[in-house]
Amino acid sequence: MTAKLAEWGYRLDSVREANITAVTVLLARAALTDGGRRISLHLADQDHQALILVLSHQAGHAPEGEDLLREVTGLGVVSCGTDTDQEDGGRRRWALTDLGG
């Protein structure tokens, strides 16, 4: 994620870079615990913020507790959340982080 953000022209300090990496790892690990065979990782940017989105592609799981969101929030994100996509059958986990100005 941080390499792609650098490619897009963002210059991140070491703390922000470490936090983005940690958030990505937390979201990916949580998606892997759903028991599916694959996950998707997505990154978008706008107005000096980045959206990290992880999809589990595994249906039938209830939303997780607050522990994951507390951990992610502790890494300095602007906002985060999780929900289940009823149509496609899978869970979305996301975090919005500030990239500085």
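With which residue does aspartate 83 form a salt bridge, and how far apart are the closest N and O atoms?

Reply: The model is predicted. In this model, the partner of aspartate 83 is arginine 92, and the closest N and O atoms of the pair are 2.8 Å apart. Aspartate 83 is partly exposed, at 30% relative accessibility. Arginine 92 is partly exposed too, with a value of 28%. Side chains of opposite charge can pair when their charged atoms come close.

Another of them joins the side chains of lysine 4 and glutamate 7, at 2.9 Å from N to O. Lysine 4 and glutamate 7 sit three residues apart in helix α1, which covers residues 2–7, so about one helical turn separates them. Lysine 4 is partly exposed, with a relative accessible area of 34%, while glutamate 7 is exposed, at 60%.

A further salt bridge links arginine 70 to aspartate 67, with 2.8 Å from N to O. These two residues are three places apart in helix α3, so they too are separated by about one helical turn. Arginine 70 is exposed at 54% relative accessibility, and aspartate 67 is exposed at 53%.

In soluble globular proteins, nonpolar side chains tend to be buried together.

Leaving out residues up to four places away in sequence, valine 72 touches Val23, Leu26, Leu27, Val77, Cys80 and Ala95.

Helix α2 also holds threonine 24. Threonine 24 has a relative accessible area of 11%, and it counts as buried because that value is under 20%. Apart from neighbours within four places in sequence, threonine 24 is in contact with Met1, Leu41 and Ile52.

To return to the part you asked about: aspartate 83 and arginine 92 form a salt bridge, with aspartate 83 partly exposed and arginine 92 partly exposed.

Notes. Residues numbered from 1 in each chain as written. Predicted model: local features only at pLDDT ≥ 70, side-chain atom pairs only at ≥ 80, totals over all residues. Heavy atoms only, no water. Contact = heavy atoms within 4.5 Å. Helix = DSSP H or I, 4+ residues; strand = E, 2+ residues; numbered from the N terminus. Buried < 20%, exposed > 50% of the residue type's maximum accessible area, 1.4 Å probe, protein only. Salt bridge = Lys/Arg side-chain N within 4 Å of Asp/Glu carboxyl O.
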